[in-house]
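Welcome! Please take a moment to look over the sequence and the 3D view, and then let us walk through them together.

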Amino acid sequence: MTEPTGPLTVLGVETSCDETAAAVVRRGADGRVEVLSSVIASQIAAHAPFGGVVPEIAARAHVEIIDDIIRRAMAEAGLDFGGLSGVAATAGPGLVGGVMVGLSAGKAIALARGLPLVAVNHLEGHAVSARLGADIAYPFLLLLVSGGHCQLLAVEGVGACRRLGSTIDDAAGEAFDKIAKAMGLPYPGGPALEALAQGGDGARFPLPRALLGRDGCDFSFSGLKTAAARLAAGLTGEQDRRDLADAVQAAIARQLADRSERAMAAYARAREGQDLRFVVAGGVAANRTVRRVLEETAARRGFSFSAPPLAYCTDNAAMIALAGAERLAAGLTDGLDAVARPRWPLDEAAAKANPVHIPGRKGAKA
Ligand code: KG4
Ligand code: ZN
């Protein structure tokens, strides 16, 4: 197809986990981005009694409200479907029952209105999310840290990623969630643990430093998770709990920084004399300690530092709409036969060549 010129206005739909979200984003021909609306309905209350996301509950909840969420996003943008250039829906990876709901809704609108459909990889949404708040040029080094994913990627352009490292067990957000659960904190654990860590002194709890100083850019959080859960079981005092929360947060931030620093060194070697950009995205990028430690690391290595506005760190549809708009601008669209994919690595070639990076991911968001 010919590449569209002029501004593109795209409806994004996101239902891959426990947020039902729709948003309208306008991308100018010059690449300037404007979020016209972003509506997110969280299912946290429905899943909280179970301490995590229940796939069947998630899928049913998406079905019940997706129409209303899309209607609200269109109304807040002040548009009807005729004002759209295309529809972008998350097609994976995620809980496939939920993914099918949003993808089917996107297909229905595309079919009824004769609009192009873009089947978006949720991770590509996170990869572009920092561009919702600032003009960040390609290429950049990306640390994607969410509930289901923890990986370092060289992002060369739209849909062009090379993975430098990923977790060999849990994702960073998953570690936050599981440790928080062991400490009796509510789901999702990341924000609750960050709040508890306020006023804590983690120095008294030496936690394992997995892979620290080791070659490569892979991550591992399972040892930390086990050690923290064991310590948590023996603590009752509020200050002890604050101190442990602080220690956990610092340990996760330290590992993210250590692995990122290795990736920065390798990335910079191949790009001498070029502008070096480091971007962190995903739910864990909302954590202030993580942001601060990574910003210091980037500065030390001569990289600029960017993170999405807080509202676009965790799952949202604005990032899906933007990823869709970028693909649409590049002439990349999908047929109405696009499938929902529970697993969908960003760099499929590398994932196939190095299968250690395919499995090993568990949890609701894998
Ligand atoms: O990106 P996201 O909404 O969903 C996935 O695609 O996985 O990320 C959710 C994850 C959860 O594990 C949550 O605990 C974590 O991000 N998270 C945080 C914070 N806010 C969300 N972790 C640490 N500190 C936070 N402030
Ligand atoms: Zn996500």
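What follows is a short tour that goes from the strands to the metal site and then to the aromatic rings.

Before setting out, please keep in mind that this is a predicted model.

Let us begin with the strands. Strand β1 (residues 8-14) runs antiparallel to β2, and the two are paired over seven bridges. You can pick out one of the contacts by finding Val13, whose bridge partner in β2 is Ala22. With four residues between them, β1 and β2 make a hairpin.

The chain then turns again. β2 also pairs in the antiparallel sense with strand β3 (residues 33-42), this time over nine bridges. Here Val25 stands opposite Val35 in β3. β2 and β3 form a hairpin too, with five residues between them, and Gly31 in that turn has a positive phi of about 90°. How much of strand β2 is buried? Eight of the nine residues in β2 (residues 19-27) are buried, so the strand is largely enclosed by the rest of the structure.

Now move to the metal. Which residues coordinate the zinc ion (ligand 2)? They are His122 and His126, each through NE2, and Asp315 through OD, at 2.0 to 2.1 Å. The zinc ion (ligand 2) has four donor atoms, and the angles among them are 97 to 133°, so the site counts as tetrahedral, for which all angles must lie between 85 and 135 degrees. Along the chain, the donors follow the spacing H-x3-H-x188-D. That spacing brings together distant parts of the chain: His122 belongs to helix α4 (residues 122-128), while Asp315 sits in the loop between β10 (304-306) and α10 (318-329), 193 residues apart. Both of these residues are buried: His122 has 6% relative accessibility, and Asp315 has a relative accessible area of 8%.

Our last stop is the aromatic rings. The structure holds four aromatic pairs. One of them joins Phe219 and Phe221 in a stacked arrangement, 6.3 Å centre to centre with 15° between the planes. Phe219 and Phe221 are both buried. Another pair, Tyr267 and Phe303, is tilted, with 5.9 Å between the centres and 45° between the planes. It links distant parts of the chain, since Tyr267 lies in helix α8 (residues 238-269) and Phe303 in the loop between α9 (288-300) and β10, 36 residues apart. Tyr267 and Phe303 are buried as well. Tyr267 has a further neighbour: Arg271 lies over the face of its ring, at 3.8 Å from the ring centre.

Methods:
Residues numbered from 1 in each chain as written. Chains lettered and ligands numbered in written order. Predicted model: local features only at pLDDT ≥ 70, side-chain atom pairs only at ≥ 80, totals over all residues. Heavy atoms only, no water. Donors = N, O, S within 2.8 Å, 3.2 Å for Na, K, Ca; no water. Tetrahedral: all angles 85-135°; square planar, octahedral: opposite > 155°, others 65-115°. Buried < 20%, exposed > 50% of the residue type's maximum accessible area, 1.4 Å probe, protein only. Phe/Tyr/Trp six-rings, centres within 6.5 Å; stacked < 30°, edge-to-face > 60°. Lys NZ or Arg CZ within 6 Å of the ring centre and 35° of its normal. Pairing = 2+ DSSP bridges.
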